[in-house]
Amino acid sequence: MRVAAFRPDDERLERAGELLASLGVEPILDPMLAVEHTGEQPRADADYTVLTSKTGVEIAAAAGWQSDGVLCAIGDATAAALRTAGYDVDRVPAEFSSVGLVADLEDEITGARCEVARSTHGSPKLTDGLERAGAYVHETVLYELRRPPKSGESAALAASGDLAGALFTSSLTVENFLAAAAERGVREAAVAGLNGAVVGAIGEPTRKTAEREGIIVDVVPEIASFEALARETIEQLSE
């Protein structure tokens, strides 16, 4: 069984391949994201700082960033990366999304300075929601995300019915998969192929993006991590 993973082309993709192989499937490692640092780092004078990804944490930690404010993480993987880097995590919303964090903070952030440090593709729902709750919001773009030009092997396999599973880790991986399929002239066939496979997605925003594009999502793990996504998707494949 071939299962596609769309992690960035770094150690995360290698680890994804090792995990999938250990679970008894053939990994199709098709990176849909490449990371380019902007050279920026989060502000240090905020009352609340929000980090949204492991990549953002690594950039902040490498720059020696420190803050005495409340540190918020969206997702278990982001929180784990912060703790590994030596930071104390104060808030992790129960719902893995921008909306979930806004709901968690909205009763306490009126008049507070909120720093949001993330990629160029961050959802405006986070910054807009914090501002509506009365916070003074500053956003720092830590990195840009682009689609590697050679991506798309998984789209071709899906279109030919040769993909058993797909593991989407963000809305952007969904969008880039479909863009790669369109470039190859197989977008409609790739979506049909995914709908004959088992599709996993991390978080409700990723699921909603996929379903808006006609992709049926079968698995959304409660724990927002690639390992949970892979294990639960392959478990369903094996049923």
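This is a predicted model: local features need pLDDT of at least 70, side-chain atom pairs count only at pLDDT 80 or more; totals for chains, interfaces and linings use all residues.
**The five-stranded sheet**

- The strands of this open sheet follow the order S3-S7-S6-S4-S5, and their pairing is mixed.
- At the edges stand strand S3 (34-37) and strand S5 (70-73), each of which pairs on one side only.
- Averaged over the sheet, and with direction ignored, neighbouring strands are turned by 25 degrees against each other.
- Strand S6 (residues 113-119) is largely enclosed by the rest of the structure, because six of its seven residues are buried.
- S6 also runs parallel to S7, to which it is joined by seven bridges, and along this pairing Arg 113 stands opposite Tyr 136 in S7.
- Helix H3 (residues 76-84) lies across strand S4 (48-51) and S5, and the angle between H3 and S5 is about 135 degrees.

**The four-stranded sheet**

- Another open sheet has four strands in the order S2-S1-S8-S9, with parallel pairing.
- Strand S2 (26-29) and S9 are the edges of this sheet, and each has a single partner strand, so one side of each is left without a neighbour in the sheet.
- From one strand to the next, the twist averages 20 degrees.
- Strand S1 (residues 2-5) runs parallel to S2, with four bridges between them, and Val 3 has Pro 27 in S2 as its bridge partner.

**The nonpolar cores**

- The largest nonpolar core has 23 residues, and those that touch the most other members are Phe 6, Leu 163, Phe 168, Phe 177, Leu 194 and Ile 215.
- Two or more residues of this core come from each of helix H6 (153-159), strand S8 (165-168), helix H7 (171-183), helix H8 (187-194) and strand S9 (198-201), and H7 gives the most, with five residues.
- Once residues up to four places away in sequence are set aside, Phe 168 touches a list of residues that includes Phe 6, Phe 177, Leu 194, Val 199, Ile 202 and Leu 229.
- Apart from this core lies another one, of 18 residues, with Ile 59, Ala 117, Leu 145 and Leu 172 among them.

**Pairs of helices**

- Two packed helices are described by the distance between their axes and by the angle between those axes.
- For H7 and H8, the axes come within 7 Å and cross at roughly 130 degrees, which makes H7 oblique to H8.
- On the H7 side of this contact are Phe 177, Leu 178, Ala 181 and Ala 182, and they meet Arg 187, Ala 190, Val 191 and Leu 194 in H8.
- Sorted by class, the contact of H7 with H8 has seven nonpolar, no polar and one charged residues.
- Helix H1 (residues 11-22) and helix H2 (residues 54-62) pack with their axes 12 Å apart, at an angle of about 135 degrees, and this makes H1 oblique to H2.
- Glu 11, Arg 12 and Arg 15 in H1 meet Lys 54, Thr 55 and Glu 58 in H2, so that, when sorted by class, this contact has no nonpolar, one polar and five charged residues.

**Two single residues**

- Glu 183 is found in helix H7 and counts as exposed, because its relative accessibility is 58%, which lies over the 50% cut-off for that word.
- Although Glu 183 and Ile 202 are 19 residues apart along the chain, their C-alpha atoms are separated by 25 Å.
- Asp 104 lies in helix H4 (residues 98-105) and is partly exposed, with a relative accessible area of 32%.
- Asp 104 is in contact with Arg 91 and Pro 93, leaving aside its neighbours within four places in sequence.
- The C-alpha atoms of Asp 104 and Ala 94 are separated by 8.4 Å, and these residues are ten apart along the chain.

Terms used
Residues are numbered from 1 along each chain as its sequence is written. Side-chain values use heavy atoms; hydrogens and water are left out. A nonpolar core is a set of buried Ala, Val, Leu, Ile, Met, Phe, Trp, Tyr and Cys residues joined through side-chain atoms within 4.5 Å. Buried means under 20% relative accessible area, exposed over 50%, partly exposed in between (1.4 Å probe, protein chains only). Contact means heavy atoms within 4.5 Å. Axes are lines fitted to C-alpha atoms, for helices over the stretch in contact, and angles run from 0 to 180 degrees between N-to-C directions. Angles under 35 degrees count as roughly parallel, over 145 as roughly antiparallel, 65 to 115 as roughly perpendicular and the rest as oblique. Ala, Val, Leu, Ile, Met, Phe, Trp, Tyr, Cys and Pro count as nonpolar, Asp, Glu, Lys and Arg as charged, and the others, Gly among them, as polar. Two strands pair if DSSP finds at least two bridges between them.
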